Amino acid sequence: MLIISLTIIASLFYVLATSYVLSRLFHQQGPSQKLTIILSTVAILAHMLLLVNSVFRADGQDLSIVNVALLTCWVIVISVTTVSLKFPATLLLPVVYGFAALLTMASLFIPHHILLQSIDVDVGLVTHISLSLLAYCILIIATLYGVQFYFIDKRLKRKDLAIVHSHLPPLMVVERQLYQLVNLGTILLTLALLSGFVFLDGMFATQFIHKTILSLVAWCIFAVIALGHMKKGWRGKPVVIAIMVAAFILTLAYFGSRFIQEVILTKF
């Protein structure tokens, strides 16, 4: 009952934050930062309590894909909300809050109390998992910046005056932050993969080889984008699309097989 209540509270306040920001999206003064932070903070705290009660159970730790996704989403929400305190992120907030609302509510209907186990503290494994989670979150945020860049660029090319007088950030600022995030995320993903090869024995084992290959493919795309922008000044729509493709491949690597095993196959 507690988990259901926390899920409803988190989803409700994420929806309220999303609706409020969207209603002020093209307003010259933008949404009130104070009200946005109040609504999102309630949602974030409820989301955190939901995670604590979902993961840490009497018979062990539930590390199912749904709980890992909830944790990843929570980190992304906190990161984007924190960034919004200093830099305009009006277009990112409703996307992040809206997705968090859908995910928290969906967690009630997706079977996920499956992988209950005790955690043996292994420095190498913890390092690999932490770097992987951090890299994924930063690269997903970079992808959201790419979506924001594409949206603003498209509206400017249409000479939409509403975008000029809105609270949305300048295009060049978004682009600069986009490539900074891609560079940082690529470095962290590189360290995550290296830590996996150093500390883990089964990176190319049958049950993990698809994750390793997909992660390497995503890493190659991100690395090429980072180097291409740095050395040759690559930018624009093709680069943004490549970032989205790489993020999708990385998501498949992190969550694809577990989603099939834990969600789809459990229904048959």
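The questions and answers below concern a predicted model.

Q: How many helices and strands are there in the protein?
A: From the N terminus on, the order of elements in this predicted model is α-α-β-β-α-α-β-α-α-α-α-α. The protein has nine helices and three strands.

Q: What percentage of the contacts in the protein with a separation of 6 or more comes from residues 24 or more positions apart?
A: The protein has 268 residues, and 45% of them count as buried. Among contacts with a separation of 6 or more, the share from residues 24 or more positions apart is 79%.

Q: Which residues are the closest to the centre of the second largest pocket?
A: The second largest pocket holds about 480 Å³ of space. Its lining consists of 21 residues, and the closest to the centre are A69, F99, L103, Y136 and F255.

Q: Which helix supplies the largest share of the lining of the second largest pocket?
A: At least two lining residues come from each of α3 (65-84), α4 (92-106), α5 (123-157) and α9 (237-264). The largest share is six residues, and the helix that supplies them is α3.

Q: How many charged residues does the lining of the second largest pocket have?
A: The lining is made up of 21 residues. By class, 17 are nonpolar and four are polar. The number of charged residues is therefore the remaining class count, given as no charged residues.

Q: What kind of aromatic pair do Y136 and F255 form?
A: A search of the whole structure finds four aromatic pairs. For Y136 and F255, the rings are 5.6 Å apart centre to centre, with 70 degrees between the planes. An angle over 60 degrees counts as edge-to-face, so the pair Y136 and F255 is edge-to-face.

Q: Is T72 buried or exposed?
A: T72 is found in helix α3. Leaving aside neighbours within four places in sequence, T72 is in contact with L133, Y136, C137 and F255. The relative accessible area of T72 is 4%, so T72 is buried.

Q: The backbone oxygen of which residue lies 2.9 Å from a polar atom of the side chain of T72?
A: The side chain of T72 belongs to a residue of helix α3. A polar atom of that side chain lies 2.9 Å from the backbone oxygen of V68.

Q: What distance separates the C-alpha atoms of L70 and S107?
A: L70 is in helix α3 and counts as buried at 1% relative accessibility. Not counting residues up to four places away in sequence, L70 touches H47, L50, L51, L103, T104 and S107. L70 and S107 are 37 residues apart along the chain, and their C-alpha atoms are separated by 8.3 Å.

Q: With the side chain of which residue does the side chain of S195 make a polar contact?
A: S195 is placed in helix α7 (residues 171-199) and is buried, with a relative accessible area of 5%. Not counting residues up to four places away in sequence, S195 touches T127, H128, L131 and L200. The polar contact, at 3.3 Å, is with the side chain of H128.

Key
Residues are numbered from 1 along each chain as its sequence is written. This is a predicted model: local features need pLDDT of at least 70, side-chain atom pairs count only at pLDDT 80 or more; totals for chains, interfaces and linings use all residues. Side-chain values use heavy atoms; hydrogens and water are left out. On a 1 Å grid over the protein atoms alone, a cavity is a set of points where a 1.4 Å probe fits but cannot get out, and a pocket is an open set with protein on both sides within 12 Å along at least five of seven lines; lining residues have an atom within 4 Å of a point. Grid points are joined across faces, edges and corners, and a volume is the space filled by probe spheres set on the points. Helices (H or I, at least four residues) and strands (E, at least two) are DSSP runs, numbered from the N terminus. Rings of Phe, Tyr and Trp (its six-membered ring) pair if their centres lie within 6.5 Å; planes under 30 degrees apart count as stacked, over 60 as edge-to-face and the rest as tilted. Buried means under 20% relative accessible area, exposed over 50%, partly exposed in between (1.4 Å probe, protein chains only). A polar contact is a pair of N or O atoms within 3.5 Å; within protein, one must be able to donate a hydrogen and the other to accept it, and residues adjacent in sequence count only if both atoms are side-chain atoms. Contact means heavy atoms within 4.5 Å.
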